[in-house]
Amino acid sequence: MCGIVGVFGNPEAASLAALGMFAEQHRGQESCGMAVCDGKVIRLHKSMGLVKEVFTPEVLESLPGSIAIGHVRYPTKGSATAFNTQPHLVETLFGPSYALASNGDVVNYASVRAKLEAENVYFKSDNDGELLVKFIAWRIDQGDEPADAIRALMREIKGAYSCVFTTRRELYLFRDPLSMRPMVWGKTSNGTVVVASESCALDILQVNGRQEVPPAGINRVNKDGISLLENDPNLYRSRRHNSYCVFEHIYFSRPDSYHFGENVFAVREKIGELLAKDDEGLQADCVVPVPDSSNLMAVGYSAASGVPLSLGLIRNHYIGRTFIKPQQTIRDEGVYQKFNPLPNFYKGKKVVLVDDSIVRGTTIRQIVRMIKEAGAEEIHLRIGSPQVKFSCYFGIDTPHPEELAANRHSLEELRTWTGVDSLKHLSLTSLAQCLTKPEEYCYACFDGNYPLEME
Ligand code: SF4
């Protein structure tokens, strides 16, 4: 999971992009970068670290220009190094000419890279963002206009990609034919065009209105404004519908974002409501969310069941999300640094504990232990998604299938292993009921029905 931002038509483009990236920090905390163009030169700055650490006022001042693209990275394809950090810049005989930042993963990376290498295209990283920009640059070098180069990319490259691509004069926004990752854009009151992975980044920049980039959409932004170029997604896909990542609603996105035609917060509340409906007759004193992504699920559960909501777990917001740290050792230590139960709260209570998902299961197991040690009499664990049984290849770093808790334990084993009195997951049918257009989603990490063939 990563986040992208693009800004066109503002002399403070770098500062605006940094604000947008800051709003998307939850999508990636390992590294970040920005490419800024003043019409003549594209300057690049990228580094390991958080947005506020990397983009200091001094750095932003050194990035003049009215076009900016930015990226926050959580490593999936390619290791967590500065080399793999985006955006990626392409130099031609005329100097730095193109830059690109992407969210998603390419599933036929190896064969496309081999094809480009056979054409004497060289790579500095093993990151798929570099593959995308090198492909476009190669096609432009063959005589394509940028939009035709992007159409050629859609014919050749399979996977999830929401991208911002800049030349020295124009900004392009484009999205894969299945629209797997979110991508929204809008304009500020002074006409600045802003694009982002999530609408919460548009809100911070006071963007009026928002539109999603359509499947296989190519938006060109230049001095004449923004235009959507003709492109039929069905030319590039075998499925006749989108495959939005349903996990964006369950876990990844901020609840104040809107995409795939849904308010994220409303989907989460509905999930909580359906979990509660499956619990009629359960006697409980309180419902407690595992913050933050489960908060609104617990709100929905409480409203539907009448069980009082309690914010009984306090999260330290100054360390990363445990699930998105790349090494298990860091993850395990993080749980203890990250959560703390309220003191003198749990003694003798029957608790409904709500979490969004179980991936490896290590985090929830330790949280349950904490709450038990705090004196809870019963813990009933409710999970706002079906069991995760399959890995994701479209931009989310889920572990190998054999590491997933659902593949290591039966449901009853998982209940005893986590130490709870009862354990229930939201069913796939109930999850579909939370969505306006359930047929437009990818559920592959639950049912193994991948929308694309893997290479
Ligand atoms: S496999 Fe799961 S996480 Fe990956 S895109 Fe599909 S729904 Fe999202």
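A: **Leu431 and the nonpolar core**

Beyond its neighbours within four places in sequence, Leu431 is in contact with Val246, Ile250, Ile271, Pro386, Leu426, Tyr443 and Phe446. The model is a predicted one. Leu431 belongs to the largest nonpolar core, a set of 44 residues, and is listed with Val246, Phe247, Ile250, Ile271 and Phe446 as having the most contacts inside this core.

Several elements each supply at least two residues of this core: among the helices are H8 (247-252), H9 (264-277), H10 (295-305) and H16 (444-447). Helix H9 gives the most, with five residues. At the level of domains, at least three residues of this core come from each of domain 1 (3-242) and domain 2 (268-437). The centres of domain 1 and domain 2, taken over C-alpha atoms, are separated by 34 Å.

Another core, of 33 residues, lies apart from the one described above; Leu132, Ile157, Leu229 and Tyr236 are among its members. In soluble globular proteins, nonpolar side chains tend to be buried together.

Phe22 is classed as partly exposed because its relative accessible area is 45%, a value that lies between the limits of 20% for buried and 50% for exposed.

Note on methods
Residues numbered from 1 in each chain as written. Predicted model: local features only at pLDDT ≥ 70, side-chain atom pairs only at ≥ 80, totals over all residues. Heavy atoms only, no water. Domains from an automatic or database assignment. Buried < 20%, exposed > 50% of the residue type's maximum accessible area, 1.4 Å probe, protein only. Core = buried A, V, L, I, M, F, W, Y, C linked by side-chain atoms within 4.5 Å. Helix = DSSP H or I, 4+ residues; strand = E, 2+ residues; numbered from the N terminus. Contact = heavy atoms within 4.5 Å.
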